[in-house]
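Colleague: I would like to learn how to read a few features of a model. Please take them one at a time, with the general idea ahead of the case.

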Amino acid sequence: GVGDQASYSEYYCDAAGELYDLFEAAGCKMMGFTSTDGYDHESSKAERDGKFIGLMCDEDNQDDMSEDRAKAWVEQLKGEGFF
C-alpha cells in the first residue's frame, strides 16, 4: 500500500486493509505482514494484531526508506514461501 501518514494519519493505507478483508474472505492465504515500527500514524485498516498486512510505503514523507523496506519485504516473502 502507498499513503501519506502525515496528512491521513487516522486512516493511513486503509484501502489496503479493505482489500485484505476481501481476499481473506475469499480464502486466500495471507503472508507478508510487516512491522509498524518507524511509521507515524494514528490508525489504519491495514493493521492486524499490531502489524501491517503487507508493505506500506509513504512516498510523501519517507520516500528515502521505501527501497530498503521493499528489499527487506521481498526477502521476507521468499522466506515465507511466496516465490
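Colleague: Is Ser 66 buried or exposed?

Modeller: Buried means under 20% relative accessible area, exposed over 50%, and partly exposed in between, with a 1.4 Å probe and protein chains only. Ser 66 has 8% relative accessibility, so it counts as buried. This is a predicted model, in which local features need pLDDT of at least 70 and side-chain atom pairs count only at pLDDT 80 or more, while totals for chains, interfaces and linings use all residues. Residues are numbered from 1 along each chain as its sequence is written, and side-chain values use heavy atoms, with hydrogens and water left out.

Colleague: Where is Ser 66 found, and which residues is Ser 66 in contact with, leaving aside its neighbours within four places in sequence?

Modeller: Ser 66 belongs to helix H2, residues 63-79. Helices (H or I, at least four residues) and strands (E, at least two) are DSSP runs, numbered from the N terminus. Contact means heavy atoms within 4.5 Å. With neighbours within four places in sequence left aside, Ser 66 is in contact with Cys 57 and Glu 59.

Colleague: How many disulfides does a search of the whole structure find?

Modeller: A disulfide is a covalent bond between the sulfur atoms of two cysteines. Here the test is a pair of cysteine sulfur atoms within 2.5 Å. The search of the whole structure finds 0. Cys 57 is in no disulfide, as the nearest cysteine sulfur, that of Cys 13, is 8.1 Å away. For Cys 28, the closest cysteine sulfur is also in Cys 13, but at 20 Å, which is too far for a bond. Cys 57 counts as buried at 11% relative accessibility, whereas Cys 28 is partly exposed at 36%.

Colleague: In what order do the strands of the sheet run?

Modeller: Strands of a sheet pair through backbone hydrogen bonds, either parallel or antiparallel. Two strands count as paired if DSSP finds at least two bridges between them. In this model 3 strands form an open, antiparallel sheet in the order S1-S3-S2. Strands S1 (34-35) and S2 (47-48) are the edges, each pairing on one side only. S1 pairs with S3 (residues 51-52) over 2 bridges, in the antiparallel sense. Ser 35 stands opposite Lys 51 in S3.

Colleague: What about Tyr 11: where does it lie?

Modeller: Tyr 11 lies in the segment before H1. Its relative accessible area is 44%, so Tyr 11 is partly exposed. Tyr 11 and Gly 54 are 43 residues apart in sequence and 16 Å apart in space, C-alpha to C-alpha.
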